[in-house]
Amino acid sequence: MDEFAAIHQKIAEEKSKLFEMAQAIHSNPEVGGQEIFASDLMTGYLEEKGFKVWRGVGGLKTAFMASYGDEGFHVGFCSEYDALPEIGHGCGHNLIGIAGVAAGVALASSLGNLPGRISVIGTPNEENEGGKVDLVRTGVFDDVDAAMMFHPGCSTSINVDSLACRDYRFIFHGRSVHASTEPWEGQNALDGVIQTFNGINALRQYLKDDVRVHGIITEGGLAPNVVPDRAAADFIIRARDSNYLAEVVEKVIACARGAAIATGTILEIKESGYPYDAMVSNRVMADLFEESLKESGYNIDSSYEEGRGSIDMGNVSRVTPSIHPVVAITDQWVPGHTHEFTALCNTAESYDVMLSVGEAMALTGLKILKDKNLQKKIIEEFSAATKKNLK
Ligand SMILES: [Zn+2]
Ligand SMILES: [Zn+2]
């Protein structure tokens with residue numbers, strides 16, 4: 001039996017255990033940073049399969065690195081396993097988590113004497129804070145030569161890209177007075193927020209098409225008869241190009257500064273959340289994955305869709321050649337982050353897709369480990385993209 005058949009056989013052998021783990025994570029949803037059950041379950045299984053496990057990597061208690069083999073090209077499968085408050089696994093991270101585990105175990109079983117290191121990298125807290133941003137910052141991906149993961153969706157798109165993204169909080173400090181008896185003595189912090197929105201809405205006409213600026217008012221005063229002395233708004237600013245995003249951020253901040261001057265209030269600016277980089281999908285890896293997904297028996301109908309969201313895998317793609325394909329688990333449109341999507345991520349059909357993807361990622365890894373020329377092409381494409389596109 002060749003190594004490719006060995007991967008197929010290993011996935012078949014482990015099928016019921018993999019299903020069981022994905023179901024267990026689905027029925028024990030844990031929000032970002034608290035994924036103790038999921039990370040224990042996955043690392044315990046990986047240890048049983050001969051992986052060496054490091055828990056708490058990157059300073060995140062529910063992150064892990066589980067590796068098999070120790071020399072040569074290093075292939076990493078990223079697993080996510082955090083859930084949403086109240087909604088549970090409405091983003092399907094139970095499927096992402098176990099697809100990564102399946103890929104690692106299947107590829108390890110076929111490695112034989114081939115040089116190479118295979119890792120399953122447990123990347124927690126994707127929904128809240130982008131755990132991968134911390135893992136990249138702390139160097140967890142530094143010695144990974146190629147990283148891949150998948151996300152379940154309603155249509156299949158292999159070459160997924162994304163928008164770079166920054167989060168800001170603008171807090172206006174003014175002066176409270178009675179809103180009717182002596183309003184002229186006040187400085188209205190809420191007006192600072194409102195003028196910020198107006199300024200940004202005027203700015204939109206002069207921004208490139210891929211830019212998104214969206215915000216909410218988080219504090220707007222306490223009573224209509226009191227001039228608010230404090231008001232605040234949260235904004236997310238996105239663009240495809242990180243350098244252009246930096247320019248847009250300056251323009252948005254200028255809107256808030258102008259609003260503070262106009263209203264006589266004092267502006268406090270806080271960068272909240274983590275900056276996400278735009279995803280740079282490695283074409284060589286994406287083509288290999290697409291071919292492998294067909295070989296795993298998944299009936300692929302792939303289309304390219306420009307990514308309009310932001311993902312923390314974007315930051316990984318800046319330090320390691322990476323892919324983040326989206327693979328359909330349904331042919332209906334079901335909105336993500338809903339109870340409907342949560343239910344969808346716990347069906348036999350979705351678990352079958354998870355295993356096909358696990359097998360396809362293992363096949364992709366094997367093709368890369370067997371072929372030095374492919375490794376070179378992957379690195380060359382990454383280096384060229386780094387020079388051209390990355391900050
Ligand atoms: Zn999500
Ligand atoms: Zn997700």
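Modeller: An axis here is a line fitted to C-alpha atoms, for helices over the stretch in contact, and angles run from 0 to 180 degrees between N-to-C directions. The model is predicted.

The sheet is open and has 4 strands in the order E8-E9-E7-E10, with antiparallel pairing. Its edges are strand E8 (212-219) and strand E10 (266-276), each of which pairs on one side only. On average, neighbouring strands of this sheet are turned by 20 degrees against each other, direction ignored.

Strand E7 (residues 164-173) pairs with strand E9 (residues 230-239) in the antiparallel sense over 10 bridges. Arg169 has Asp234 in E9 opposite.

Two helices are placed against these strands. Helix H5 (residues 189-203) lies across E7, E8, E9 and E10 and runs at about 20 degrees to E9. Helix H6 (residues 242-263) also packs on the sheet, touching E7, E8, E9 and E10, and its direction makes about 160 degrees with that of E9.

The helices also pack on each other: the angle between H5 and H6 is about 140 degrees, and their axes are 8 Å apart. H5 is therefore oblique to H6, since only angles over 145 degrees count as roughly antiparallel. The crossing of H5 past H6 is right-handed.

On the H5 side, the contact includes Asp191, Gly192, Gln195 and Leu203. Among the residues they meet in H6 are Lys251, Val252, Cys255 and Thr263. Sorted by class, the contact of H5 with H6 has 8 nonpolar, 6 polar and 2 charged residues.

Definitions and conventions. Residues numbered from 1 in each chain as written. Chains lettered and ligands numbered in written order. Predicted model: local features only at pLDDT ≥ 70, side-chain atom pairs only at ≥ 80, totals over all residues. Pairing = 2+ DSSP bridges. Contact = placed C-beta atoms within 7 Å. Parallel < 35°, antiparallel > 145°, perpendicular 65-115°, else oblique. Left-handed = near helix turned anticlockwise from the far one by under 90°. Nonpolar A, V, L, I, M, F, W, Y, C, P; charged D, E, K, R; others polar.
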